[in-house]
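Please look through the structure shown here with the paragraphs below as a guide.

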Amino acid sequence: MRPGAAKKAHLSRPMRGRAPLLDGMVVPTLIVLALIIGYPVVSTLMLSVQQYDLINDAAPSYVGMRNFSDIASDQIFWTAVKNTLIYTFGTVFVAAFLGAAMALMLENLNGPFGNAARAIVVSPWAVPFVVVAFLFRFIYMQKGGVLNAVLMHLGIIEAPIPWLNDSDLALPAIIVANIWTTTPFFFLLVASSLSGIPDAVLESARVDRAGTWATLYHIKLPYMRNPLVIGSLLMIIANFNDFAKVWVMTQGGPGFSTTTLVVYVYRMAFENFRLGYASALGVIWLILLLVTAALYFRLLRGRD
Amino acid sequence: MTDAGRQGFRHRQSAGRRIGRGLQFAGLGFALLWTLAPLYWMVATSLKTELEATQLDPTLFPHSITLQNYTGLAGGSLPFMQFFVNSVLTCLVAAIVAVVIAIPAAYALSRAKFRAASQVGYLILIVRMFPMVVLLAPLYLILLTTGLLDTHFGLIVGYTTFGLPFAVWMIKGFIDAVPIEIEEAARVDGYPRWQILLRIVVPLIYPGLITTGIFVLMEAWNNLIYPLTFITTLDKQTLPAALQLTFTGQFKTDWGGMMAASVVTTLPLMIAFFTVQRSMVRGLTAGSVTGT
């Protein structure tokens with residue numbers, strides 16, 4: 001439902017005069033957001049056209065669009081963009097698929113086993129990100145890590161693999177950990193949309209002797225589609241902003257092979273202290289966000 | 001599945017169905033293994049002795065179960081109890097404050113009788129998507145100039161701000177479900193809006209408020225970037241940030257202790273999560289499927 005919908009419902013009611021522009025009750029929220037988000041946004045915009053390096057103690061100086069042209073030719077920036085896209089979409093697609101598959105498998109499983117299984121598959125969602133990161137870092141360890149030990153005992157690999165220290169393997173390894181924590185979200189989403197299918201619809205499919213796959217394709221999939229689209233978009237945004245897992249597992253390394261945009265901006269601001277440059281990165285990010293948000297609102301509107 | 005359906009299903013059970021059933025259970029087995037293996041490994045390692053936890057060829061089952069990793073946390077050189085209290089305190093206060101500020105806004109948006117309602121609604125949704133890291137430097141400077149850097153108050157301000165948009169949308173969803181007719185009688189009696197909200201609406205959506213609070217709390221508990229940036233004294237640090245900061249020191253080789261600390265960090269969140277699991281979906285997608 002979009003924000004205006006509630007308003008429409010009340011329009012049938014006689015309204016005395018013209019409705020006011022704002023309601024006093026939203027003011028506290030707006031004030032908090034203006035102070036803690038609005039002000040930083042404005043100051044990010046202003047910093048983005050300045051050179052402001054805390055490290056050499058120089059006063060900030062206006063440099064126009066130079067930060068942005070520097071970013072355009074910044075190889076690490078483009079690597080970070082690529083990594084962010086791989087990290088985000090890799091996680092969301094696989095997690096959405098796994099979550100949906102689990103929800104379908106557990107759909108008709110009642111009784112204590114079904115309930116226990118449902119509780120188990122959602123539990124990773126409640127594991128704090130930092131713990132997920134440390135846990136998988138421990139599992140992935142080259143020497144003494146359980147993953148290498150199991151793979152070697154099974155005879156799948158000859159020698160231990162340095163999962164997080166290999167620039168080709170580190171990003172996929174982090175994505176796997178991320179999929180582990182993200183899957184429950186899609187499981188819950190799909191499970192709830194499946195339970196929303198009216199019994200009569202499923203019953204008539206049964207009467208028509210529709211097979212499992214036909215029922216899945218023609219009846220269940222349409223019910224799952226909208227929640228999956230909206231949920232994916234929410235998770236894309238969340239993963240774009242994800243810091244804890246990458247930071248704890250690799251800090252963006254080896255090299256820049258797992259440096260995502262968050263990690264890059266954080267490094268730029270709080271390790272290199274180049275606030276102007278970091279802010280310019282932030283502005284680009286905010287523009288990307290607005291585009292995504294517009295897409296999101298369009299999708300929401302399409303649902304009405 | 002209804003009883004009648006299950007019987008019909010049994011009648012028509014063919015070879016194909018049986019293969020399908022087999023595949024379903026194989027898939028389930030994989031799903032459970034995939035979910036449980038990392039969790040098992042965390043708990044199992046936390047119960048091992050230091051020597052066993054770090055040996056090169058790890059044991060799948062702890063040979064001798066010990067609680068020394070847990071007792072070590074309480075009595076070790078690091079103030080783990082303090083980290084725990086810091087996390088609980090900051091996240092709890094942030095959750096309560098966010099919910100309290102969000103209630104009137106959610107009510108106004110739900111009963112929208114002002115022209116800018118949809119704009120305000122969209123604005124709050126966009127803010128919910130804002131990347132924390134982008135606003136980190138300016139926020140740092142604000143806290144620095146107001147003397148709130150390295151205080152729990154500053155951290156709570158940060159958590160609250162990012163929990164607030166989410167809380168507004170979620171609570172709006174709960175208020176949407178309250179029929180307006182319930183308020184009519186009170187309105188006829190001449191009660192002011194504040195009274196109607198506090199005396200009639202809030203008691204009705206009380207469970208929803210708890211759920212919202214727990215969501216904000218979980219989000220704050222997961223937050224690593226704020227405490228790492230805004231807290232500079234180790235004693236004031238939160239549990240997740242302390243794990244990251246101290247790992248290179250104390251835990252470099254002590255994975256048993258690390259996993260025990262991880263279990264302790266996870267438990268409160270796990271308990272909170274399963275308390276509100278029923279309203280989980282509504283919470284996760286607040287603002288996108290509310291009112292349904």
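Predicted model: local features only at pLDDT ≥ 70, side-chain atom pairs only at ≥ 80, totals over all residues.

Helix H12 of chain A, which runs over residues 261-270, is mostly covered, for eight of its ten residues are buried. The buried residues of H12(A) are A:Leu261, A:Val262, A:Val263, A:Tyr264, A:Val265, A:Tyr266, A:Met268 and A:Ala269.

In the loop between H12 and helix H13 (275-303) of chain A one finds A:Phe273, a residue that is not a glycine and yet has a positive phi of about 55 degrees. A:Phe273 is partly exposed, since 15 other C-beta atoms lie within 10 Å.

Helix H7 of chain B, residues 136-145, has seven of its ten residues buried, so it is largely enclosed by the rest of the structure. Those buried in H7(B) are B:Leu136, B:Ala137, B:Pro138, B:Leu139, B:Tyr140, B:Ile142 and B:Leu143. After H7(B) comes B:Gly147, whose phi is positive, near 70 degrees.

From this region the reader can turn to B:Phe230, which lies in helix H12 (residues 225-230) of chain B. Is B:Phe230 buried or exposed? A residue counts as buried when 20 or more other C-beta atoms lie within 10 Å of its own, and B:Phe230, with 23 such atoms within 10 Å, is therefore buried. Leaving aside its neighbours within four places in sequence, B:Phe230 is in contact with B:Leu143, B:Leu149, B:Gly154, B:Leu155 and B:Gly158. The C-alpha atoms of B:Phe230 and B:Leu144 are separated by 9.0 Å, although these residues are 86 residues apart along the chain.

Pairs of helices come next. Two packed helices are described by the angle between their axes and by the distance between those axes. In chain A, helix H4 (residues 75-106) and helix H10 (residues 212-240) pack at an angle of about 145 degrees, with their axes 10 Å apart, and H4(A) passes H10(A) in a right-handed crossing. On the side of H4(A), the residues that take part include A:Thr84, A:Tyr87, A:Val92 and A:Leu104, while those of H10(A) include A:Leu216, A:Met224, A:Ile236 and A:Phe240. By class, this contact of H4(A) with H10(A) has eleven nonpolar residues, five polar ones and no charged residues.

In chain B, helix H5 (residues 80-110) packs with helix H11 (residues 206-222) at an angle of about 135 degrees, and their axes are 8 Å apart. H5(B) and H11(B) are therefore oblique to each other, and H5(B) passes H11(B) in a right-handed crossing. Among the residues that make the contact are B:Ser87, B:Cys91 and B:Val99 of H5(B), together with B:Leu209, B:Gly213 and B:Trp221 of H11(B). The contact of H5(B) with H11(B) divides into twelve nonpolar, four polar and no charged residues.

The whole chains can now be taken in turn. Chain A has 13 helices and two strands; its radius of gyration is 24 Å, well over the 19 Å that the globule rule gives for 304 residues, so chain A is more spread out than a compact globule. Its C-alpha atoms fill a box of roughly 80 × 75 × 30 Å, taken along the principal axes, and buried residues make up 41% of the 304 residues in chain A. Chain B has 15 helices and zero strands, and 47% of its 292 residues are buried.

Finally, there is the meeting of the two chains, where 83 residues of chain A are in contact with 82 residues of chain B. Helix H2 (residues 27-47) of chain A supplies the largest share of the side of chain A that touches chain B, namely eleven residues. The residues of that side of chain A divide into 65 nonpolar, 14 polar and four charged.

Key. Residues numbered from 1 in each chain as written. Chains lettered and ligands numbered in written order. Contact = placed C-beta atoms within 7 Å. Helix = DSSP H or I, 4+ residues; strand = E, 2+ residues; numbered from the N terminus. Nonpolar A, V, L, I, M, F, W, Y, C, P; charged D, E, K, R; others polar. Rg over C-alpha atoms; globule rule 2.2 N^0.38 Å. Buried ≥ 20, exposed ≤ 12 C-beta atoms within 10 Å, placed from the backbone. Axes fitted to C-alpha atoms, helices over the stretch in contact; angles between N-to-C directions. Left-handed = near helix turned anticlockwise from the far one by under 90°. Parallel < 35°, antiparallel > 145°, perpendicular 65-115°, else oblique.
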